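Open the model in a viewer and keep the selection panel at hand. The stops below go from whole chains down to single residues.

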Amino acid sequence: MKKIFLYICVCIATTNVLAQETISPAAAQKETIALTNATIHVGNGQVINNGTVIFNNGKITEVGTTATVTGARVIDCKGKHIYPGLILSSSQLGLIEINNIRATIDATEIGEMNPSIRSLVAYNTDSKVINTLRTNGILLANIVPSGGIISGSSSVVQLDAWNWEDAAYKTDGGIHFHMPSLLNRGRRRFFGAQASNADPVKEGLSRIEEVKTFFREAKAYLGQAKHENTNLKFEAVKGLFDKRQKLFIHCNIVKEMLLAVDFAKEFGFDVVLVGAIDSWQIADILKKNNIAVILNQLHDLPAMIDDDVDQPFKTPAMLQKAGVLFCINDNDGNSRYRNLAFNAGTASAYGLSKEEALSAITLNAAAILGIADKTGSIETGKDANIVVSEGDILDMRTNIIVHAFIQGRQIVLNNKQMQLAEKYEKKYGIK
Amino acid sequence: MQKLKFLLVLLLTATSIQIIKAQATFPVNDVANPKIACFAFTNATIVKDAQTTLLNASMVIRQGKIESVGNNISIPKDAVVIGCRGKYIYPAFIDIYSNYGIATPERQTGGAGFFRTQQITSNTKGAYGWNQAIKSEIDAYKIFSADAAKAKTLRDIGFGAVLTHQKDGIARGTGTFVTLASQPDNFVLIKEKASANYSFSRGTSGQSYPSSMMGMIALLRQTYLDAQWYKNNPSNEGENITLKSWNENQNLPQIFEANDKWNDLRADKIGDEFGVQYIIKGGGNEYQRIKEMSETKASFILPLNFPAAMDVDDPNDLRFVGLDDLKHWELAPGNAAAFEKAGINFCLTTADLSNPSEFMANLRKAIEYGLTENKALDALTKTPASLLGLYDKIGSIEAGKIANFLITSGPVFAEKTVLLQNWTQGIKNAVKDENWYDVKGVYNFIANTNTGAKAYQLNLKDGGVAQFINKDTLTGKYSYDGHLVKLNYTEGRGRNATETILSGAVTGNTWNGTGKDAMGNSFTWTASFDKAAAEKSDSAKTQKPLALGKVTYPFLSYGWEEMPKQQNLLIKNATVWTSEKEGNLQNTDILVKNGKIAAIGKNLSDATARIIDASGKNVTPGIIDEHSHIAAASINEGGQSVTSEVRIGDNLNPDDINIYRQLSGGVTTSHILHGSANTIGGQTQLIKLRWGANDQQLKFAGADPFIKFALGENVKRSTSSQGNNRFPDTRMGVEQVLVDAFTRASDYQAALKSAVNKSTVRRDLELDALVEIMNKKRFITCHSYVQSEINSLIKVADRFGFTVNTFTHVLEGYKIADKLKAHGSNTSTFSDWWNYKMEVMDAIPYNAYIMHQVGLNVAINSDDAEMARRLNQEAAKSVKYGGMSEIDALDMVTINPAKMLHIDKQTGSIKVGKDADLVIWSDNPLSIYAKAEKTIVDGIIYFDRDRDAAMRKQNQAEKARLIAKIAALKKTAGPGGSGGNFRSARPRFEVINTCEDHYHSHGLLAIDSEDVDNQ
């Protein structure tokens, strides 16, 4: 605790921040900064021992063991580890503040086909959750709407912003398709709900067919230069056809995923599977069809009662082995996304190398979200989205974030929880 | 086989309904037609009971009763004689688990979901008891009315009498014993009150309590006590027809519909508490725990509804089919055989069959699986009759008994045997009368045509096949209805085929008739019996021994075929985290003997011990989860705000895969808590994760009893979707619920003390638990979040003179740590959950650290089946959030929870003399990279990564075997064939119990118990 609080005190002294509400976004980078003597985990698998990272005007200018630091503000990172800012690849951050308070939920719109819905415009930069992610190394997040079947578009935000326009890092990069479940749930009777007589699988298939119809119609519509009646829903998916957008298909079981592959084939979309609990069963098919995968939650029970008890933990290693582009996410609604690094750590315990696990929450995530040209690794020319940890960022014992930079701006590593801790430590005289 | 030498005088009547008794008080709308109704059945094989068979015997029945039976009895002059040569006579079957003739009440809307509006009081009008699900006052005989169609269905499969009751409620009143005779209701009632019936289903009651398995058990328990107390006519109760009936019903046979192996044991246990031995209606999976069934000493009523095989033609559907479901499909027909083998008394029922016509086929399947025919007959006749004390009236062919019997064409359970007639109360019911006469055999057939007589040899064969043999063999069909015969044969093939048709009448062994050939020519014909058909030897069905899988404990993947044994272990060269003042010991050995830690030190040796090399590995005490909801059939009794009478221990579920999964994360002891639906929840149960043990063996013996309390949003039902109508609705009200409960408990305690005759004071199980708390015999673990509510409970506890042992969750504990310390509470918290509901907005991951620094005994708990298997890493988060030392962090999941659960003398640290509850880790146990390699409970290795790897392969192989078996069956069976029924593949869902609103993922097939209708 001491170190952190020493650090917080420094922050407080320098930025005069006292409460969560007044943790201000940092000003643009003015001086060149050099992080020296650190172990640099590049994000692409490479590790540079005793290395230096230099960045200026928000961009990384030099990475290596022989970088010249003259003219730069030097932060000695001896014994510390440098990582690319971690990327939360699918979340409702800033859309859902408190899960069970309806008024705070802005993630699920009414209706089944809402491609024109945009998450970005509802993203709340003042969510209390945001600052608790930064202190765990997460600097970017993909904000995903989750209502209906076609839920709308997601945008990637950087987590140090005054408002959603500031926050936007990649706008409307993904269209989200929550595929109706093809799991035969039978005709189980639930409280309050009448048992449906329809075969749930058939019902699911027919709804999936409706989505296909939608895209076929959209394609026809978009092929026409002028329209008497503008269709916003069709307009909203134009980026899918010209590959400015990816189609994120949220699904889990093999039948669903195979149909997702079919979407990629029929329409030529860039398809990313989200969830993909059983992706390990068809890793070769996914690889062959260039389908990327976001594994939503590693800290999960196995899908089947008979499954290997550690199946969710070892799925990443199986995808890695098959050469599938995948990333690891944390969408836990109780700990609120902050255990991203530890989900990756678990994947490392079960078969990934540490650097592969890191890629799964940095460079791979960036590639899947279409921002790998700007971020995801510590390489010259990329945005200086960087975190410095006391030790191994994947392990909770050593994941102690001491510095973080978003686009070169040194952000304040403070949050409401630290402040509450400080308040009561003071009360009890804990040093 | 059957010859036509003898003539039968029997008249086959078209209708089976004959009123043999005119009811004296009823006017007659006809000319009076009194009958003697005496019949003699001669020359039959009479199976009097499973032990006694008489050959060539006769039986006389008169006025619905058996008058005499034997080999040399005289046939009364007034008897109608029915020759039964070649036929078999058996006692008709008895089903004592039926609702025949009793309408099923409809359930009203409503329910008892966590967030539903509640029906607090009973909707039953009248001077009845407080709970709508206790319906002791219902008497089946008063509401019974025969159902002709259903009676026929049952008679057609051999039944002659049933015990029927209204299947509604937990206590269902009395059942009545009736025959299936087509008689006025007044005559079929054999015994008005023949049983008292119970179940684990609220039925139509919409009352919110009880909403859980343990609530139902608690309600039964309390009702037994209330009924006893009511015998003193307490003035403060007034007339209570329900309790009065309950008492009156106690001397009847007590039948409990339990429907599942664990429920069977739960029911039996309630009975044991009150000196009642229930007859248990099982569910068909009892073979999975046959030893435990035997230990109940109960008699069972077993259904024969075997699961249909699942379609196995889609690998993606098969992916979600459970090994246990497949195994149950294979093994379920062996249930009755397992009972017989174990020497357990049982009878059989048609209950639960989707179609009663499956009964015989399924019974034959049970016989194929090893049930003996004698036992099967007993289970359908003598046993059910005896269980009701009615064997002197029914259940065998014995003079004086009710004339309920079957006439069959052969041994009753043989596949080819036809049930010809089923007589109930001396009245014939034709089932397959057309098969009474067997005309198979060889005949001399002569057709007198225009062109002269043509002679054929006529062979009548099984299946109505007729062959006319002259030079060629012409094939056709025949049918015989007891009076007239029809035949035909075909000449030529395809287009040129011509048909000759014949019909005639049968007179003894000579048949006469007319025919018409394809050209339209008429002719007459005769046929005379020559000789019997050559018997086919019945050797075709040489029984191959069944190749079946094995029962495992538990009946799931990763279960044991044989339970693991305790062994002496010597763990060598480990880094030992003692959770004692010694801290961590390097290169240290641990000797385990007889389930205890025998020695800790360097260079230990023991010749009897299995050596486990733990070089480079870490050993910690087994992890203790202070707050868990696994391994229970129900977790929340939310029907009332105070339910201290319910007990998690009443409804443990050893078949929870999460026991195994958590062993794989190093957990050895779990405190199974009631949920947080109400302020004073239920009594908790501490268990050790003895994978494969039964419900009682899971329990941590000798541990202090605890109880779950809860405060805040859940108990005031803040997220109730339909508004809350249950007190309390605010934290102010929560405090008053507590004050009120303990005030009532104090008064109760005083009343008990001062009463001269203790039995006049109503024993109140709800208050008993609270009195125990005040007397420091039971301890609270209280679900809590915000500081105000925590402070309030502390004040209530102070006022009533006890200490709140543990505040669990206690996410704002850091705000009030000084007061918690002063009060003497322990705290058990999440590492980093927050902001999923209002009361956790100020939750901080530094909570554990701050409380620890203030000097509280702090644990990290899971409250979650998934997180529980990573509790070591959850504890490690305090190293990150606050900088706690690693040793202190690990203590939060070992010795600290042991202390707060008062089991630190037995477990929680590595110390000589303590239980050998140990985990061998691959790495520093706090590290994200650590894996439990072996988890040891009581010196038994319950989880071992090597065995786990082998089991994965074995599970797959077993699944593959079963799938291949089903596929083969489907091939031979064809659609609708003899392979049995098929159904579409059904995913194996898992019900996951949680405390409350959870947003943590539990896998694809998880169903939150709150979402499942518990009916």
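A residue is called buried if 20 or more other C-beta atoms lie within 10 Å of its own, exposed if 12 or fewer do, and partly exposed in between, with C-beta atoms placed from the backbone. The model is predicted: local features need pLDDT of at least 70 and side-chain atom pairs count only at pLDDT 80 or more, while totals for chains, interfaces and linings use all residues. Residues are numbered from 1 along each chain as its sequence is written, and chains are lettered from A and ligands numbered from 1 in the order in which they are written.

**Chain B, whole**

Select chain B. Of its 1015 residues, 52% are buried. Its C-alpha atoms fill a box of roughly 120 × 70 × 55 Å along the principal axes. Colour by secondary structure to see 23 helices and 44 strands; helices (H or I, at least four residues) and strands (E, at least two) are DSSP runs, numbered from the N terminus. Two residues are in contact if their C-beta atoms, placed from the backbone, lie within 7 Å. Among contacts in chain B between residues at least 6 apart in sequence, 67% join residues at least 24 apart.

Now colour by domain; the bounds come from an automatic or database domain assignment. Chain B has domain 1 (441-531), domain 2 (565-622 + 908-938) and domain 3 (625-886). The C-alpha centres of domain 1 of chain B and domain 3 of chain B are separated by 85 Å.

**B:His483**

Select B:His483, in the loop between strand S20 (473-480) and strand S21 (484-491) of chain B. Is B:His483 buried or exposed? B:His483 counts as exposed because it has 9 C-beta neighbours inside 10 Å.

**Helix H20 of chain B**

Select residues 871-880 of chain B, which form helix H20; ten of its ten residues are buried. Among them are B:Leu871, B:Glu874, B:Lys877 and B:Lys880. What do the buried residues of H20(B) pack against? They pack against strand S30 (623-628), strand S31 (667-672), helix H19 (847-854), strand S38 (858-860) and helix H21 (886-891) of chain B. Just after H20(B), B:Gly882 has a positive phi of about 125°.

**Nonpolar cores**

A nonpolar core is a set of buried Ala, Val, Leu, Ile, Met, Phe, Trp, Tyr and Cys residues joined through C-beta atoms within 7 Å. The largest has 385 residues, of which A:Ile249, A:Leu273, A:Val293, A:Ile361 and B:Ile89 touch the most other members. Helix H4 (residues 213-230) of chain B gives the most to this core, with eight residues. Centre on B:Ile89: leaving aside neighbours within four places in sequence, its contacts include B:Phe41, B:Met59, B:Cys84, B:Ile397 and B:Phe405. A second, separate core of 17 residues includes B:Tyr443, B:Leu502, B:Trp525 and B:Ala527.

Show H4(B) with helix H5 (residues 241-249) of chain B. Their axes, lines fitted to C-alpha atoms over the stretch in contact, with angles from 0 to 180 degrees between N-to-C directions, come within 9 Å and cross at roughly 95°. H4(B) is therefore roughly perpendicular to H5(B), a label for angles of 65 to 115 degrees. B:Thr223, B:Asp226, B:Ala227 and B:Tyr230 in H4(B) meet B:Leu243, B:Trp246 and B:Asn247 in H5(B).

In chain A, show helix H9 (residues 311-322) and H10(A), whose axes come within 8 Å and cross at roughly 75°. That makes H9(A) roughly perpendicular to H10(A). A:Phe313, A:Pro316 and A:Ala317 in H9(A) meet A:Thr346, A:Ala347 and A:Ala349 in H10(A).

Chain A is divided into domain 1 (2-83 + 411-428) and domain 2 (86-182 + 215-375). Their C-alpha centres lie 28 Å apart, and the contact takes 16 residues from domain 1 of chain A and 15 residues from domain 2 of chain A.

Finally, show both chains. Their contact takes 54 residues from chain A and 69 residues from chain B. Which helix of chain A gives the most to the side that touches chain B? H13(A) does, with six residues; helix H13 spans 416-428.

Conventions. Angles under 35 degrees count as roughly parallel, over 145 as roughly antiparallel, 65 to 115 as roughly perpendicular and the rest as oblique.
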